[in-house]
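Biologist: Could we go through this model together, taking each label in turn and asking what value stands behind it?

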Amino acid sequence: MAKVLSEKFYAEMKKLEPRYPTKVALLLPALHAAQDELGWLSSETMEEIGSYIGIHPAQVKEVASFYTMYNLKPVGKYHLKICTNVACCLRGAYDVVEHTEKKLGIKVGQTTPDKQFTLHEEECLGACGTAPAMMLNNDYVENLDIRKMDEVLAKLGVKG
Amino acid sequence: MPKCTIDGREVEFKAGENLIEVARKVGIEVPYFCYHPALTVVAQCRMCAVEVEKMPKLQTACSTPAAEGMVVRTNSERAKQNQKSIMEFLLINHPLDCPICDKAGECDLQDNSYKYGDAYMRTSEERRTYLDLDMGPVIKKNMNRCIHCTRCIRFGTEVAGIHEMVAVQRGNNTEITTIDGRPLETDYAGNYADICPTGSLTLKDFRFHKRAWMLKKTATVCEGCSKGCNMEIHQDNNVIHRTVPRANPEINKYWLCDEGRFNYHYVVDPKRVTAPKVGAERSTWHAAVAEAKARLHGKKVVVLAGTDLTLEEAKLLQDFVPKAFPGSALLHFGTPGIETTAKDAPADKILKRKSKTSNLNGFEKLGIKPLESMPAADAILVVRGGRAQLPKVEGLSNVIGLGVFTESESASFAAVLPGTSFAEKDGTIVNYEGREQRLRRAITPVGQSKALGEVLMLWLHSGAAKEAAV
Amino acid sequence: MAGQPTSFETMYVQHFNEEARPLAYYLAKMNGYEAAKKAFGMTKDAIIDEVKKASLRGRGGAGFPCGMKWGFIPKESPKPKYLVCNADESEPGTFKDRDIMRYTPHMLIEGMLIGSFAIGAKAGYIYIRGEYVREAKLLNEAIDEAYAKGYLGKNVLGSGHDFDLTVHRGAGAYICGEETGLLNSLEGKRGEPRVKPPFPAQAGAFGGPTIVNNVETLADIPSIITKGGEWFAKMGKLEKSGGTRLFSISGHVKKPGVYELPSGGYTLRQAIFDVCGGMLDDKKLKAVIPGGSSAPVLTADEIDVVLDVEPVMKIGSMLGSAAIMVIDEDTCMVKLIQRITKFYAHESCGQCTPCREGCKWMEDIIERILHGHGKMEDLDLLMSITDNINGKTLCALGDAAAGPVASFVKKFRSEFEAYIRGEKHA
């Protein structure tokens, strides 16, 4: 089977290996690195990670599926994860979610047909003092409100 | 020995023993689902929580080692309330489809619900459901019945040595499964069904065959290899419906390999020859014995005996051969390449051994020599139980089969005298380490099959005058 | 005059800005790595004694005395020992550790260096929640700086002590804030909590004796070593709690944020009305969650409680991670508890029966009440389910889910009844 992960991925793993007493401990870092590279974790990717670490692919999926940050399905170019936990919901996060749904024409959990945007509700991001907060790919956007969301979306090319 | 008190009774224990095991010694049952004596303790089901004096919270008996002077109550109000509540939690999402579930009658969930649960349910929410993916030829999964005890996962990783059964997702959505609908890879898959405390994992081989409570159980030993794993044969109306492992901590613990588990099929195989045969034709016992005797009369005969026969049968042959065929050799056969116990070895890290018959060691103890290469002979008498792999006898016109054969195996035989399999007789086998164990007759011989002793008596004593009686 | 009070000594807030991050600042303005030098001249027992004297209680939520925890580690061990920093900061409402990692990462690194020396660990890990991508990067930069200057690695500052420190990212699981769930996650497994005993101090990361401490706990260590346990203990206003604490205050207040207050030095009322400038838009206060979302809710007339472990426990809640969430009069408590319960059901690892089944069941019932299909019996059923979860689960997540539900139903029952009677709709 042709490899899906790059030389860079393997180089990064090689560097991390001496940091841990077991090879299995590389699993979370490997899943992160693979996702950074490919956007999501396909069965092929997980199988390749499994054979690199020396574990059954089922063990890879068992772990990957436990954590919400690992995308086991493809996501859009921009992955919006809006926190709706206590502090954010007290500060109006659900209004922002609703607004974003309308604006993007998709519901929470969906991806726009042009594969540009995926929208998710997120659990507490640890940014409650600047609530509501969201993650846009790997970055935080804080003190969110409808206006700020519009600005963010405008920058990403959403009109109106 | 240190002592603790359980439900007012003083119990001695060995250091490290957990409260479930210690209570069991004095006949006190602590209910559980996830605990299994051969697997890691995970304390997940919480059913076994008991009250331990000086501890504010209930303690799970599986994960609590007994300690000197410990005072335990397994049936206090708090413990009982917890059992009731765990049963309620487990049943919120269980389909309660016992009438169509194969596990009914031998289901831990059903039994514990009856003993420890409440008669009423307080939930009116919709039940959680899953789509079931296939798991290969051995196991049928019904995830809706699963209570997430993870015994199967632990069996896979800790015993079978393969991390193929896993929990994916988490929380209320956790699904126990193989990934992407892959078939199970282990050749010990049948055990998944045995250790499942519900009807979530059932044997495809047994599904919808028989209600558990209708089965008659016979304790016996597997004949699949020289290991001698302990098993039970479950039958009804003389039909074997399954075999299951019987715990023996010194041999097989709680497990059976699939090869041994499903080996019984040949006993009830419709292609098994269960009536005497002369050539390709069905015959009568007297005609077949007469034909066999005639074929071997005055010839240079070799007697080949399968190492799937019992010690008693081997001894009978040792007496019979010099009387019937003076000067003839009695040689044993069983697994090509493993003619002696010296060549026998583990075939995997779990149970299986290379000798694929049960009694190679017993034959050696009786001094019977192996068949290394076929000696020059005009005629051959092949005696076997049904498991030993037949040596090549093609091209010989005077081959007589005595024992268990299929139609195709015996197609070139001059005559077949149908004998008994391991499930149809009592007898002794000696495993690789010299342990003598008893086979027990679970069913009466199928069709017109006869025990070896009976056939040999016929052979020695049948004459023209007696033929009518046969 | 709202904002961070200045009437007492603080360790953190004066440095909570971007300029404080580099090693150069830490060395120049914060007496950086002097505590480690001092510690290397002390015996391991003396360091642990100093921490004990400081009355430093774990800042992650449980409030366990740190010195005592360190004392549990065996002196000799055939397996390597580990020091692990819990930077999962997953309890909703908590965001203080993020500021430490962002602005004063070397306080944490030096704290870990000292801790590792005291317990005899040669390797340490900072388990940081996956979402803190930026903070993980900043930590790695700070760690690189420390390596370059010999504050990490082989024979640190000529002490003979080797210490390697690695940042390990989580990937979105609240339960990895539980220390044994965290250790499983560090080992590359599902973040499912382990059966205890054995406790991590006996068999933790990779089977070796392990101490798991919160970010703030570890970042407190250099100050304790420099200025002494007694000094630290005296910063706290109650006997058993030393030091200042970083409070994460959010919700309906004028100035949400991270504030550093003496342990036991402020009441909840002062925190809300003096420190945070009072209620947002001057609305009326309805309720407060005083210690992260797993803490039972307090009503507006319970806010004269002193903010420390025991006083808050005494009134039936907990200080937890000192994450205060303030709730105003316009908030629907049924909707709020639905959101909280949904969170715990979502975060339950699914191992143990009461948590896996019970959290979702509670969520379903509350959801049903919100949508007009509730019955009065449901409220008793909810209370009964919380009883059946509380104290019966494998780890503390069950209690974390049950406590809030019980407190909301008890204290705001009429709001639930309004939905059940059809007077309100979601």
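This is a predicted model: local features need pLDDT of at least 70, side-chain atom pairs count only at pLDDT 80 or more; totals for chains, interfaces and linings use all residues.

Biologist: What makes the pair of B:Y32 and B:Y35 edge-to-face?

Modeller: The ring centres of B:Y32 and B:Y35 are 5.1 Å apart and the planes stand at 90°; since a pair requires centres within 6.5 Å and edge-to-face requires planes over 60 degrees apart, the pair of B:Y32 and B:Y35 is edge-to-face.

Biologist: How do you know whether B:Y32 and B:Y35 count as buried or exposed?

Modeller: Buried means under 20% relative accessible area; B:Y32 has 18% and therefore counts as buried, and B:Y35, at 5%, counts as buried too.

Biologist: What makes you say that the charged end of A:K23 sits over the ring of A:Y52?

Modeller: The charged end of A:K23 is 4.3 Å from the centre of the A:Y52 ring, and the distance limit for a charge over a ring is 6 Å, with a further limit of 35 degrees from the ring normal. A:K3 likewise lies over the face of A:Y10, at 5.0 Å from the ring centre.

Biologist: How do you know that the sulfur of B:C196 is too far from the closest cysteine sulfur for a bond?

Modeller: A disulfide needs two cysteine sulfur atoms within 2.5 Å, and because the closest cysteine sulfur to that of B:C196, in B:C149, is 6.3 Å away, the distance is too far for a bond. For B:C229 the closest cysteine sulfur is in B:C225, at 5.8 Å, which is also too far for a bond. Both B:C196, with a relative accessible area of 10%, and B:C229, with 6%, are buried, and the count over all chains comes to zero disulfides.

Biologist: What is the area buried between chain C and chain A, and which residues of chain C supply more of its share than any other three?

Modeller: The buried area is about 3,700 Å², of which carbon and sulfur atoms give 58%. C:A171, C:R190 and C:R339 supply 18% of the area that chain C buries against chain A, more than any other three residues. In terms of contacts, 58 residues of chain C meet 40 residues of chain A.

Biologist: Why is helix α17 of chain C described as largely enclosed by the rest of the structure?

Modeller: Helix α17 (residues 413-420) of chain C has eight residues, and six of them are buried, so the helix is largely enclosed. The buried residues of α17(C) are C:E415, C:F416, C:E417, C:A418, C:Y419 and C:I420, and their cover includes β7 (285-289), α13 (333-347), α14 (353-370), α15 (376-389) and α16 (397-411) of chain C. After α17(C) comes C:G422, which has a positive phi, near 85°.

Definitions and conventions
Residues are numbered from 1 along each chain as its sequence is written. Chains are lettered from A and ligands numbered from 1 in the order in which they are written. Side-chain values use heavy atoms; hydrogens and water are left out. Rings of Phe, Tyr and Trp (its six-membered ring) pair if their centres lie within 6.5 Å; planes under 30 degrees apart count as stacked, over 60 as edge-to-face and the rest as tilted. Buried means under 20% relative accessible area, exposed over 50%, partly exposed in between (1.4 Å probe, protein chains only). Contact means heavy atoms within 4.5 Å. Buried area is the accessible area (1.4 Å probe) that two parts lose on being put together, summed over both. Helices (H or I, at least four residues) and strands (E, at least two) are DSSP runs, numbered from the N terminus.
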